Amino acid sequence: IRKNENSTKQLIQQSRLAQMGEMISMIAHQWRQPLAAISATTNNLLVKLMIEDKVNKKSFEEELILITEYSKHLSSTIDDFRNFFKTDKEKEEFDLEEVIKKSISITKTSIESKNIKLEIDLEKNLILFSYATEIQQVILNIIKNAEDILTEKDIPNKKICITTYKRNDHSIIIKIQDNGGGIEESLIEKIFDPYFSTKSDKDGTGLGLYMSRIIINDHCKGNLKVINENNGATFLIDLPI
């Protein structure tokens, strides 16, 4: 039992390091656009100061307000990523829609840059008593996997669909579906195994889905499974209310 516990701790640490690498990549995506906008705005102000004898005060203020808004966006992104790596010690009551929107906000810029359409259908007022940050990690990991598969296979009309609904009085379902062709039937039972990866570019650690299942099944007492349907893979996260 002690050996198993130590082995699991090592896997968790390796998974966290792999996720940190992915987070840094996503931070770059998130920051590129507002930084470019700040640069363009400041350059615009400098040009105006150089060529105009009198700068319009209202116009100047509007440009400065824009810079402030971009800066707030950068600050908000830092908070998103910092919260992502917090370890929940106690369960809390939270709105599932908010958690999913936070996951989407982290990866949205990266998804859009790869021409992937994101379709979201979230049922309102789905309240859970669980580990919000851990669930957010799982959602983000599955979205990132779908993004990688769609990009690797260069699927036309790439799409990721996220749906939530109440299954009954006791559980809520999060459904994350892509149109990446699905998972080979011979591999579908193996994708939750540690160190197993289907990514051909060798960037996959094979720990993301393994850790996702531990979080959902062991920590949150739910169930994570995958099926093939509609020419893609569908991950179903069943969580107790």
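## Terms and basis

Helices (H or I, at least four residues) and strands (E, at least two) are DSSP runs, numbered from the N terminus. This is a predicted model, in which local features need pLDDT of at least 70 and side-chain atom pairs count only at pLDDT 80 or more, while totals for chains, interfaces and linings use all residues. Residues are numbered from 1 along each chain as its sequence is written, and side-chain values use heavy atoms, with hydrogens and water left out.

## Overall make-up

The protein has 5 helices and 7 strands. Along the sequence their order is α-α-β-α-β-β-α-β-β-α-β-β. Of its 241 residues, 43% are buried, that is, under 20% relative accessible area with a 1.4 Å probe, counting protein chains only.

## Helix α4

Helix α4 covers residues 132-153, 22 residues in all. From first C-alpha to last it reaches 32 Å, close to the 32 Å expected at 1.5 Å a residue; the expected span is 1.5 Å times one less than the number of residues. Of the 22 residues in α4, 19 are buried. Asp154 follows α4 and has a positive phi, near 50°.

## Helix α3

Helix α3 (residues 96-113) has a kink of about 50° centred on Thr107, the bend being the angle between axes fitted to the seven residues ending at a residue and the seven starting there. Thr107 is also one of the buried residues of α3, which include Leu96 and Ile111. Just after α3, Asn115 takes a positive phi of about 60°.

Key
Buried < 20%, exposed > 50% of the residue type's maximum accessible area, 1.4 Å probe, protein only.
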